[in-house]
Amino acid sequence: MKKTRKATLLGVFASLMLLTAACSAPADVLSEKKTDPSTEQADTNLKDGEEAKEEKLVQVKESDLNNIKADIDTKAEYITILEKELKYYKEYTISMTNLMSEEERQKIIEKEWNYTLTVNGISFPTNGILQVSASDFEVVLSEEKAPYSVLSEEDQTAGKLKGDVQKALSSKMGETKIVEEEHKQQVVINFTDAQPGDEIALKINQALQEKLGFESTELIIRVN
């Protein structure tokens with residue numbers, strides 16, 4: 001009877017020990033064994049929300065791209081219409097110029113090309129003599145073609161200076177350089193350290209003289 005009672009007490013004591021150990025287990029261990037369902041649902045909702053935002057952003061970008069493509073197509077079509085219209089007007093104008101007298105047509109041809117001769121931006125006088133008060137200055141011969149033309153290619157060429165414009169102006173002094181741009185070409189001669197009383201001689205060819213309407217092909221710059 002005593003042995004049985006002793007065994008019973010030992011069993012009860014062992015059960016109490018196991019229960020105590022379970023209750024004293026670390027909180028993080030318990031939490032690992034049991035996950036809160038509400039936390040899992042919140043993570044899922046957040047992920048779905050981010051994916052929805054990305055999908056919407058992609059749709060917006062695709063829509064913008066489609067709008068840009070449509071705009072480009074519209075403008076390209078409009079440009080094509082303008083090019084056809086321009087071609088029609090040009091052909092019509094050429095046919096009209098062919099009906100003009102030679103004198104009238106020549107006036108239009110002359111306007112196709114523009115020639116100027118300047119010193120520090122001041123036009124050279126037709127008498128061929130210019131006075132300057134600067135010690136450093138540049139002489140610029142400019143040949144400029146009209147960017148748009150209604151003339152035939154043959155007539156466009158007819159208005160150009162005969163010969164090479166780069167050889168139309170020369171001087172034994174100064175430093176010469178050529179500047180080329182679209183529809184424009186320049187001969188630039190730079191002079192430095194000129195002294196009062198100096199006379200600098202320039203020479204232009206006869207074709208340029210006629211274009212500019214100068215009295216002579218010999219030009220003089222007088223330094224004051």
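**Chat about strands, salt bridges and rings**

Me: Which strand is β3 joined to, and by how many bridges?
Reply: This is a predicted model, and in it β3 is joined to strand β9 (residues 218-223) by four bridges, with the two running parallel.

Me: Which residue in β9 stands opposite Q131?
Reply: That would be R222.

Me: What order do the strands take in the sheet with β3 and β9?
Reply: The order is β3-β9-β8-β5. That makes an open sheet of four strands, and the pairing is mixed.

Me: Which are its edge strands?
Reply: β3 (129-132) and β5 (169-170). Each of them pairs on one side only.

Me: And the sheet with five strands, what's its order?
Reply: There you get β2-β1-β4-β7-β6, again an open sheet, with antiparallel pairing.

Me: How many bridges join β1 to β2?
Reply: Two, and strand β1 (residues 113-119) runs antiparallel to β2. If you want a spot to look at, V119 stands opposite I122 in β2.

Me: OK, switching to charges. How many salt bridges are there in the whole structure?
Reply: A search of the whole structure turns up eight. One of them is between R105 and E102, whose closest N and O atoms are 3.1 Å apart.

Me: How far apart are R105 and E102 along the helix?
Reply: They're three residues apart in helix α4 (residues 102-110), so about one helical turn separates them.

Me: Is R105 buried or exposed?
Reply: Buried: its relative accessible area is 17%, and the cut-off for buried is under 20%.

Me: Which other residue forms a salt bridge with R105?
Reply: D155 does, and the closest N and O atoms of that pair are 2.7 Å apart. D155 lies in helix α5 (residues 153-158) while R105 is in helix α4, so the pair ties together parts that are 50 residues apart in sequence.

Me: What about D155 itself, buried or exposed?
Reply: D155 counts as buried, at 8% relative accessibility. So both partners in the D155 and R105 pair are buried.

Me: Which residues make up the network of salt bridges there?
Reply: E102, R105 and D155 are linked in one. The side chains of R105 and D155 also come up as a polar contact of 2.7 Å.

Me: What else does R105 touch, if I skip residues up to four places away in sequence?
Reply: On that count R105 touches T97, M100 and D155.

Me: And D155, leaving aside neighbours within four places?
Reply: D155 is in contact with R105 and I109.

Me: Now rings. How many aromatic pairs are there?
Reply: The search of the whole structure finds four. Among them, Y88 and Y92 form a stacked pair, 6.4 Å centre to centre with 20° between the planes.

Me: Why does that angle count as stacked?
Reply: Because planes under 30 degrees apart count as stacked, and the Y88 and Y92 planes have 20° between them.

Me: Where do Y88 and Y92 sit?
Reply: In helix α3 (residues 37-97), four residues apart, so about one helical turn separates them.

Me: How accessible is each one?
Reply: Y88 is exposed, with a relative accessible area of 51%. Y92 counts as partly exposed, at 46% relative accessibility.

Me: Which residues form the aromatic cluster?
Reply: Y88, Y89 and Y92 form one cluster.

Me: Last one: which lysines lie over the ring of W113?
Reply: K145 has its charged end over the W113 ring, 6.0 Å from the centre. K160 lies over the face of W113 too, at 5.5 Å from the ring centre.

Key
Residues are numbered from 1 along each chain as its sequence is written. This is a predicted model: local features need pLDDT of at least 70, side-chain atom pairs count only at pLDDT 80 or more; totals for chains, interfaces and linings use all residues. Side-chain values use heavy atoms; hydrogens and water are left out. A salt bridge is a side-chain nitrogen of Lys or Arg within 4 Å of a carboxyl oxygen of Asp or Glu. Buried means under 20% relative accessible area, exposed over 50%, partly exposed in between (1.4 Å probe, protein chains only). Rings of Phe, Tyr and Trp (its six-membered ring) pair if their centres lie within 6.5 Å; planes under 30 degrees apart count as stacked, over 60 as edge-to-face and the rest as tilted. A charge sits over a ring if NZ of Lys or CZ of Arg is within 6 Å of the ring centre and within 35 degrees of the ring normal. Contact means heavy atoms within 4.5 Å. Two strands pair if DSSP finds at least two bridges between them. A polar contact is a pair of N or O atoms within 3.5 Å; within protein, one must be able to donate a hydrogen and the other to accept it, and residues adjacent in sequence count only if both atoms are side-chain atoms.
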